Amino acid sequence: MRNSKNNMGSLHFPMLMAVAVLVLSGIGVWGLMNHWRMLVGTQLRLDRCIGSISQEFRNRMNTIERANSNIKRLRLAIVAATLEPSLIPPLKAGLTLEIVLQDANLAAWKLRQLQWVTYQGCLKPGDWYLPLPSMQWTRLPDDPLGPMPLQWSGASPGFFHIEAGRGSRTSAAQILRESEKREFYAQPKLMARWTTPKKFLARANLY
Amino acid sequence: MSSLIVVKTGESGQSLLEFAVSLLVIVPVLIAAAGLLGGEWRRTRCAYRLFETARAQLNRTRPMLQNSFVQIQETSEDLRAQLHCGNISEQIRFPKLEYAQF
C-alpha cells in the first residue's frame, strides 16, 4: 500500500480555518445587526401607522365637535332670525353644510375602521391590532328648526386608545381632552399622545 | 503489509514562502475586515440601545436596557436623546404625537 504525505496544505489549512471563522462570525454579526435594523424599521412603521391614524381620529373628532358647536349657534341664529325671515334660508343652508361635514367625517371613519381590520390601511398582514375606537355619535330626528346636533351615545370615555403591533414590537397612542379650554365657550379639544401599550400593562400586571 | 511513505525533500521552503505570501495578503484583510465589522457593530449596538431607551421614555414604560447613560432632553414638542458609546455618539429625536408629521 502506498501512503503519500504532502505538507503543502498543512499551512493553508489554519489560514482557511481563520478565514472561515471570520466569515462565519461576520455573517452572525451581520445577521444580528440586520435583526436590530428590522426591529427598528418595524417599530418606526408601526409608530407612523398609529401616529397617522391617531391624528386622523383626533382631527375628525375635533371637526365633528366644532361642527356641533356651529350647528348649535346656527340653530340659535335661526330662532333669532324669525324677526327677519329673509335670513333663515342662508342659515339653513349653513346648517345643512355642517350636517354634511359631520356625516362625511363619520362615513370616512367607518371606512377607515373597515380598512383597519382588513389590512388595507397602514397595517400589514401579520400585524395584530386593537379595534379602532368607534365614533358613537347619534343624531336625534329633525325638529322645526332643522337638523339636530350629534350626541354621544353612552358615557363619554375619558380617552380613546389605539394600538397595534407585530411580534414583540408595539405602538400605542391615546386621544384625550386637553386639560384647558382655549376658548371660553368651546369644549376642550382632543389631543393625541404616545402612551404605554396595553400589552405591556397586561404583562406588568401579570407579574 | 508494508507501507511506503514518500517525503519530498526541499519543499519546506516553498511552503514557508506560500505561508508568508498568504500572511501578507490575508492578515491585513482580516484586520481591516475585523475593524470594519467591529466599528459597525459598536455603532449599531449604540444606536439600538439609544432607540430602545428613548422610546421607552417616550412611552413612559420601563427602559428595557439598563445601565444606559442616555442623556434625555424633553421639550413640549419632542424628546431628544443622546448616547455616547466610546468615541461613538448617537442622537435621536422622537416628536410628540401632537407635533409629529407623517
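Reader: Where is the place of A:Tyr119 in chain A?

Author: This is a predicted model. A:Tyr119 sits in the loop that runs between helix 2 (88-117) and strand 2 (128-129) of chain A. Its phi is near 60 degrees, a positive value in a residue other than glycine.

Reader: Is A:Tyr119 buried, partly exposed or exposed?

Author: A:Tyr119 is partly exposed, at a relative accessible area of 27%.

Reader: Now the rings. What describes a pair of aromatic rings?

Author: Two quantities do: the distance of the centres and the angle of the planes. Over all chains, the count here is nine aromatic pairs. In one of them, the ring centres of A:Trp36 and B:Trp41 are 5.3 Å apart and the planes lie at 25 degrees, so this pair is stacked; the cut-off for stacked is under 30 degrees.

Reader: Which helices does that pair link?

Author: The pair crosses between chains: A:Trp36 belongs to helix 1 (residues 9-80) of chain A, and B:Trp41 to helix 1 (residues 12-59) of chain B. A:Trp36 is buried, with a relative accessible area of 12%, whereas B:Trp41 is partly exposed, with 23%.

Reader: How are the rings of A:Trp152 and A:Phe160 arranged?

Author: Their centres are 5.8 Å apart and their planes are at 70 degrees, so the pair is edge-to-face; that class needs an angle over 60 degrees. Both A:Trp152 and A:Phe160 are buried.

Conventions: Residues are numbered from 1 along each chain as its sequence is written. Chains are lettered from A and ligands numbered from 1 in the order in which they are written. This is a predicted model: local features need pLDDT of at least 70, side-chain atom pairs count only at pLDDT 80 or more; totals for chains, interfaces and linings use all residues. Side-chain values use heavy atoms; hydrogens and water are left out. Rings of Phe, Tyr and Trp (its six-membered ring) pair if their centres lie within 6.5 Å; planes under 30 degrees apart count as stacked, over 60 as edge-to-face and the rest as tilted. Helices (H or I, at least four residues) and strands (E, at least two) are DSSP runs, numbered from the N terminus. Buried means under 20% relative accessible area, exposed over 50%, partly exposed in between (1.4 Å probe, protein chains only).
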